Each structure stands twice: as structure tokens, then as C-alpha cells.
Amino acid sequence: MFQNLLVSLMMLLPGVEGHSSLGSLLVVDKENHVVSIINLDAGKEVAKVSTGKNPHEVAVSPSGKSAVVSNYGAQEPGNSLSVIDIASKKNTKTIDLREYKRPHGLEFISDTEVLVTSEVTKTLIKVNIKTGKIDEVARTGQAASHMVAYSKIDHKAYVANIKDGTVSVIDVAGNQLLNNIFLKPGIEGLDISPDGKELWVANRNDSTVAVINTTTFNQEATLPAHQIAFRVKFVPDGLHVVVSNGMSGNLSVYDVKKRVLIKDIDFYNLNKGVENVGKTRDVGDPPVPVGIAVHGDGKFVYVANANYGLVAVVDTNTWTVVQAIETGGSPDGLYWGKGL
């Protein structure tokens with residue numbers, strides 16, 4: 001089904017004349033405690049880097065030189081970050097977060113500083129990956145502070161607190177909690193619009209997406225999603241939002257201006273003809289879409305399908321799946337980078 005699609009992918013990019021690169025994708029594998037580096041031109045893994053126990057999310061520094069992985073832990077709560085040197089493709093440092101256990105969401109705010117959520121302490125911290133210094137940005141005071149989104153426009157961070165159903169609004173520069181926006185328990189994935197004016201938040205419990213005005217902090221719309229709405233990502237032009245629905249096995253596409261769901265992209269049967277490493281999967285099993293990454297020019301969306309051990313590549317011109325890249329294991333957090 002996906003044979004020869006790599007050539008088609010290259011031809012879709014403007015100005016491609018045979019040597020332009022699609023870049024690379026970092027894929028966290030929770031099951032095998034590694035991060036895979038996928039060369040998107042070749043459509044395959046070129047390196048596998050060990051992390052701490054049960055990693056969940058990954059982020060790459062603005063320069064593209066370093067990646068950071070949050071080691072969430074399994075039954076025993078994790079409390080570390082793995083720092084990966086992109087050039088050598090090696091884990092070069094483990095940062096002990098001490099009491100800040102269950103690290104999860106990650107957002108770089110400079111080339112050396114990364115924001116990290118800590119579920120156990122209900123805190124957003126800032127970690128210097130060079131020195132290992134840890135600073136508290138603010139305490140959310142809310143249960144299960146899980147994902148974080150950061151706005152470069154006004155330097156505010158937004159933390160989704162799953163159990164309390166709130167979004168904590170934090171002034172990063174001022175180390176201050178500004179507000180807790182009350183929604184419903186079950187919120188998890190969230191993302192900021194490129195202009196910084198809207199925050200979209202997915203709720204995995206009631207299968208909806210809330211649209212929040214970042215000036216007033218008011219909820220302006222509630223849109224339908226599907227079962228276990230996990231992650232949210234804006235396409236760089238700000239015209240579309242995509243949401244992964246874990247138990248529905250699909251990706252929902254929204255028109256931002258009209259605030260309507262315009263398409264669902266089905267991931268069932270993507271594992272036909274794909275040799276999955278390390279697990280026996282039936283074609284009828286749900287794919288469990290989770291982590292999302294978007295190509296820098298917005299032409300492609302990448303979606304981790306945890307139960308299939310692969311990443312689906314979606315063309316945003318047609319909103320169709322054009323490739324399935326095998327990763328094996330249980331892929332979750334994703335990050336796209338140019339020339340990683």
C-alpha cells in the first residue's frame with residue numbers, strides 16, 4: 001500500500017529537486033525505553049538511543065543540537081531527564097530531578113532551558129540542561145499536571161491538570177501562577193495557536209475539544225472529538241488543528257476559523273503488510289493514536305500509533321495517509337526536526 005510513496009512525498013514539497021531533505025523524526029518508545037531517530041527521506045530508523053525508565057515525551061532545543069526526554073517511570077515514579085546529543089546520537093547526560101517526580105510535558109524556552117511538568121509535586125519547573133540546575137517556575141496546586149504548551153508570543157505556559165480538569169496559566173518570566181482555567185476532569189492534550197490568541201484543549205473523558213481565549217481565559221467553544229482524545233497540534237499556518245483519538249483509532253481535523261470538525265482520518269489496518277517488531281498484533285486491533293508532530297512547513301502530520309508500532313504520515317493537502325513508518329515497540333511522544 002505504501003510502496004514508492006517516499007518519492008511522492010518528496011515531490012509534494014515546493015522547490016524539491018532531488019536533494020532537499022524531509023528532515024527527521026524523534027520517536028519515544030515507552031515499551032523499550034528508547035528514542036528512535038527516523039530519517040524521513042529514507043522512511044526508516046537510523047539510530048536508537050537508550051533513555052531512562054518508561055519515557056513519555058521528547059523535545060528538541062531551538063538549535064537542533066540537543067533533545068530532552070522525560071523519564072516518567074512505571075510503577076515506581078521516575079524523576080529524571082535524558083539529554084541526547086543529536087550529532088552523535090548518544091545519551092550524554094541524565095539529570096536527576098530529585099523530588100520532582102513523574103516528569104512529563106516538555107517545552108524548550110531557550111537552547112539550554114526546558115520547562116518540565118511534575119505530576120507528583122503539581123509543579124512546573126525549569127531545568128538548565130547544561131548545568132543541571134532546577135528552578136521552580138510555579139506550583140499549579142492541581143492534580144496530575146501533565147502536558148505543557150508554551151507561547152513565544154507572551155511567554156506564558158499552559159499546564160493541563162488531568163484529574164482536576166483545569167489549565168494552569170503561568171507567567172514563565174515572572175515565575176508566577178496567573179490563573180487556573182476550570183474545564184472538566186480528563187483534559188490532557190493542548191496547544192497554542194501560532195498567533196498566541198487561542199488555546200485548544202482535548203478532553204479524553206468526554207471526547208471534546210475546548211477553545212480558550214488566551215486574553216480573557218474564557219472558553220469560547222466546545223467541539224466534538226472522539227473516544228479518548230489525547231493530543232492537540234496546530235498546523236503552522238494556524239488554519240487547522242489535529243487531535244489524536246486513542247480508542248477511536250483516528251485523527252480529527254478541525255477548521256480553526258469556522259471551529260468545525262471537517263474530517264476524521266482512520267488509522268485502522270495501517271499494520272497490514274507492516275512487520276511489527278516485538279509484538280503480535282491482529283489487523284482488527286485498535287491502532288491507539290497518541291503523540292503528534294507536524295512538519296515545519298505544515299505539509300505533513302506525523303502520528304504515533306502505539307498499538308501498531310508505527311508512525312502514520314498524513315499529507316495535509318489531501319488529509320490522507322501517505323506512508324506508514326515502522327518503529328516497533330510502543331511509540332508515544334514525537335518531535336520533528338529539520339536535518340536532525
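Trainee: Where is T214 placed?

Mentor: This is a predicted model, in which local features need pLDDT of at least 70 and side-chain atom pairs count only at pLDDT 80 or more, while totals for chains, interfaces and linings use all residues. Residues are numbered from 1 along each chain as its sequence is written, and side-chain values use heavy atoms, with hydrogens and water left out. Strands (E, at least two residues) and helices (H or I, at least four) are DSSP runs, numbered from the N terminus. By that numbering, the place of T214 is in the loop between β18 (208-213) and β19 (219-224).

Trainee: Is T214 buried or exposed?

Mentor: Buried means under 20% relative accessible area, exposed over 50%, and partly exposed in between, with a 1.4 Å probe and protein chains only. T214 has a relative accessibility of 8%, so T214 counts as buried.

Trainee: Which residue's backbone oxygen does the side chain of K263 reach?

Mentor: K263 is found in strand β23 (residues 260-266), and K263 is partly exposed, with a relative accessible area of 32%. Contact means heavy atoms within 4.5 Å. Leaving aside neighbours within four places in sequence, K263 is in contact with L251, S252, V253, T318, W319 and T320. At 2.9 Å, its side chain reaches the backbone oxygen of W319.

Trainee: What is the phi of W319?

Mentor: W319 lies in the loop between β26 (310-315) and β27 (320-326), and W319 is buried at a relative accessible area of 9%. Most residues other than glycine have a negative phi. W319 is not a glycine, but its phi is positive, at about 55 degrees.

Trainee: V288 also has a positive phi. Where does V288 lie?

Mentor: V288 is not a glycine, and its phi is about 55 degrees. At 19% relative accessibility, V288 counts as buried. V288 lies in the loop between β23 and β24.

Trainee: How many aromatic pairs does the structure hold?

Mentor: A pair of aromatic rings is described by the distance of the centres and the angle of the planes. Rings of Phe, Tyr and Trp (its six-membered ring) pair if their centres lie within 6.5 Å; planes under 30 degrees apart count as stacked, over 60 as edge-to-face and the rest as tilted. The number of aromatic pairs in the structure is two.

Trainee: How many residues apart are W200 and F234?

Mentor: W200 and F234 form an edge-to-face pair, 5.9 Å centre to centre with 80 degrees between the planes. W200 is in strand β17 (residues 198-203) and F234 in strand β20 (residues 229-234), so the pair links distant parts of the chain, 34 residues apart.

Trainee: Why is the pair of W200 and Y254 edge-to-face, and what is the angle of the planes?

Mentor: W200 is buried at 0% relative accessible area. The rings of W200 and Y254 have their centres 5.9 Å apart, and the pair is edge-to-face because the planes are at 70 degrees.

Trainee: Which residues do the ring pairs link into a cluster?

Mentor: Y254 lies in strand β22 (residues 250-255), so its pair with W200 ties together parts 54 residues apart in sequence. Y254 counts as buried at 0% relative accessibility, and F234 is buried at 6%. The cluster linked by ring pairs is W200, F234 and Y254.

Trainee: How many residues of the lining of the largest pocket are charged?

Mentor: On a 1 Å grid over the protein atoms alone, a pocket is an open set of points where a 1.4 Å probe fits, with protein on both sides within 12 Å along at least five of seven lines; lining residues have an atom within 4 Å of a point. The largest pocket is lined by 46 residues, of which E107, K152, D191, K233 and Y335 lie nearest its centre. Ala, Val, Leu, Ile, Met, Phe, Trp, Tyr, Cys and Pro count as nonpolar, Asp, Glu, Lys and Arg as charged, and the others, Gly among them, as polar. The lining divides into 26 nonpolar, 13 polar and, for the charged residues, seven.

How values were computed:
Polar contact = N/O pair within 3.5 Å; in protein donor to acceptor, adjacent residues only side chain to side chain.
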